[in-house]
Amino acid sequence: MAASVQGSAWGPLRLGIPGLCCRRPPLGLYARVRRLPGPEVSGRSVAAASGPGTWGTDHYCLELLRKRDYEGYLCSLLLPAESRSSVFALRAFNVELAQVKDSVSEKTIGLMRIQFWKKTVEDIYCDKPPHQPVAIELWKAVKRHNLTKRWLMKIIDEREKNLDDKAYRNIKELENYAENTQSSLLYLTLEILGIKDVHADHAASHIGKAQGIVTCLRATPYHGSRRKVFLPMDICMLHGVSQEDFLRRNRDKNVRDVIYDIASQAHLHLKHARSFHKSVPVKAFPAFLQTEYKVIEEAQRWWKDLCKNWPGTCESDVSRINIPLPAFPHE
């Protein structure tokens with residue numbers, strides 16, 4: 001799913017990870033978010049916000065993230081200073097891979113770009129990064145935090161398989177995609193934060209799957225505009241819904257039931273993640289805070305797009321999914 005995400009106000013769909021996120025973020029969190037530069041801010045202001053030395057390769061990663069993954073950019077600014085640049089590099093790497101699918105007209109060209117990143121990761125672990133800004137910053141992150149190569153390669157391999165442009169045969173295929181992309185990003189983020197804990201990894205696995213499922217839903221109107229549908233076929237068949245129903249923006253109850261079933265699977269993964277909240281180290285919170293905001297924003301924007309493109313849907317359809325927000329402090 002290569003659709004980029006832009007910021008927006010929180011909407012009616014309330015997603016959260018109450019158990020994991022009940023450990024309160026630092027005081028002043030909301031004030032800091034309100035002061036963060038938005039999409040229209042000047043480059044010099046962004047540079048000032050991210051520290052010295054920004055006008056090199058690190059500035060490139062920051063700007064790429066600001067333009068293509070705005071929520072990820074905002075939440076990365078809330079990470080500990082010693083981890084921030086490495087997470088910018090990691091998420092910029094993910095953006096580079098995610099946008100391959102939508103930026104090429106032929107699969108062969110996409111495979112060539114994917115091959116470049118495969119060789120780049122190999123070269124990074126041989127201390128020979130190519131002269132490409134994201135590659136250089138990722139090499140610094142690998143050296144600084146001893147990141148696991150396997151997770152980086154899983155992201156690349158999954159993006160390569162996703163170039164086939166095929167719908168997921170079942171919800172399990174969608175979960176595998178989310179595990180190898182979103183969860184792998186979380187595993188690497190935990191390593192950047194200096195956390196190697198089996199409970200944090202289990203929580204990251206379920207949170208990544210939830211995020212991947214929500215992203216798939218959120219991208220449905222966008223993919224439909226390109227006459228493509230990627231929702232799991234087994235759930236569509238269960239409710240007697242065809243791909244053409246989505247392409248024609250059908251607003252029948254069966255279509256909403258498909259969406260509800262898929263969203264419920266994301267809810268289930270969030271419940272599993274919540275079950276680890278007593279075991280997850282406090283230092284892991286920033287990694288999950290980043291995903292928390294992204295899931296909320298993606299879900300909210302997806303539902304807003306769905307209501308616009310399928311006029312028969314309404315907020316009450318999604319209210320059946322009871323996923324309350326975490327208890328954040330109010331200033």
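Colleague: Just after H11, which glycine takes a positive phi?
Modeller: Bear in mind that this is a predicted model. Just past the end of H11 the backbone takes a positive phi of about 80°. The residue there is glycine 194.

Colleague: And at the start of H11, which residue's side-chain oxygen reaches the backbone nitrogen of lysine 172?
Modeller: The contact at that end of H11 comes in to within 3.1 Å of the lysine 172 nitrogen. The oxygen belongs to the side chain of asparagine 170.

Colleague: How far apart are the end C-alpha atoms of H11?
Modeller: H11 has 22 residues, and at 1.5 Å a residue they should span 32 Å. The model agrees with that, so the value for the end C-alpha atoms is 30 Å.

Colleague: Is H11 largely enclosed or largely open, going by its buried residues?
Modeller: Buried here means under 20% relative accessible area. In H11, 19 of the 22 residues are buried, so the rest of the structure leaves this helix largely enclosed.

Colleague: Which helix gives the most to the lining of the largest pocket?
Modeller: That pocket has a volume of about 340 Å³. Two elements give two or more residues to its lining, helix H10 (149-161) and helix H11. With four residues, the top contributor is H11.

Colleague: How many charged residues are in that lining?
Modeller: The largest pocket is lined by 13 residues, with Glu158, Lys161, Lys166, Tyr168 and Glu173 nearest its centre. By class, the lining has three nonpolar and three polar residues, and the charged ones number seven.

Colleague: What about H6, how many of its residues are buried?
Modeller: H6 covers residues 81-98 and reaches 26 Å from first C-alpha to last, close to the 26 Å expected. H6 is largely enclosed by the rest of the structure, because of its 18 residues the number buried is 15.

Colleague: Does lysine 101 count as buried or exposed?
Modeller: Lysine 101 lies in helix H7, and its C-alpha is 8.2 Å from that of arginine 159, 58 residues away along the chain. The cut-off for buried is under 20%. At 17% relative accessibility, lysine 101 therefore counts as buried.

Colleague: Where is arginine 249 found?
Modeller: Arginine 249 counts as partly exposed, at 43% relative accessibility. The C-alpha atoms of arginine 249 and glycine 224 are separated by 8.3 Å. Arginine 249 sits in the loop between helix H15 (243-247) and helix H16 (253-274).

Key:
Residues are numbered from 1 along each chain as its sequence is written. This is a predicted model: local features need pLDDT of at least 70, side-chain atom pairs count only at pLDDT 80 or more; totals for chains, interfaces and linings use all residues. Side-chain values use heavy atoms; hydrogens and water are left out. The expected span of a helix is 1.5 Å times one less than its number of residues. Buried means under 20% relative accessible area, exposed over 50%, partly exposed in between (1.4 Å probe, protein chains only). On a 1 Å grid over the protein atoms alone, a cavity is a set of points where a 1.4 Å probe fits but cannot get out, and a pocket is an open set with protein on both sides within 12 Å along at least five of seven lines; lining residues have an atom within 4 Å of a point. Grid points are joined across faces, edges and corners, and a volume is the space filled by probe spheres set on the points. Ala, Val, Leu, Ile, Met, Phe, Trp, Tyr, Cys and Pro count as nonpolar, Asp, Glu, Lys and Arg as charged, and the others, Gly among them, as polar. A polar contact is a pair of N or O atoms within 3.5 Å; within protein, one must be able to donate a hydrogen and the other to accept it, and residues adjacent in sequence count only if both atoms are side-chain atoms.
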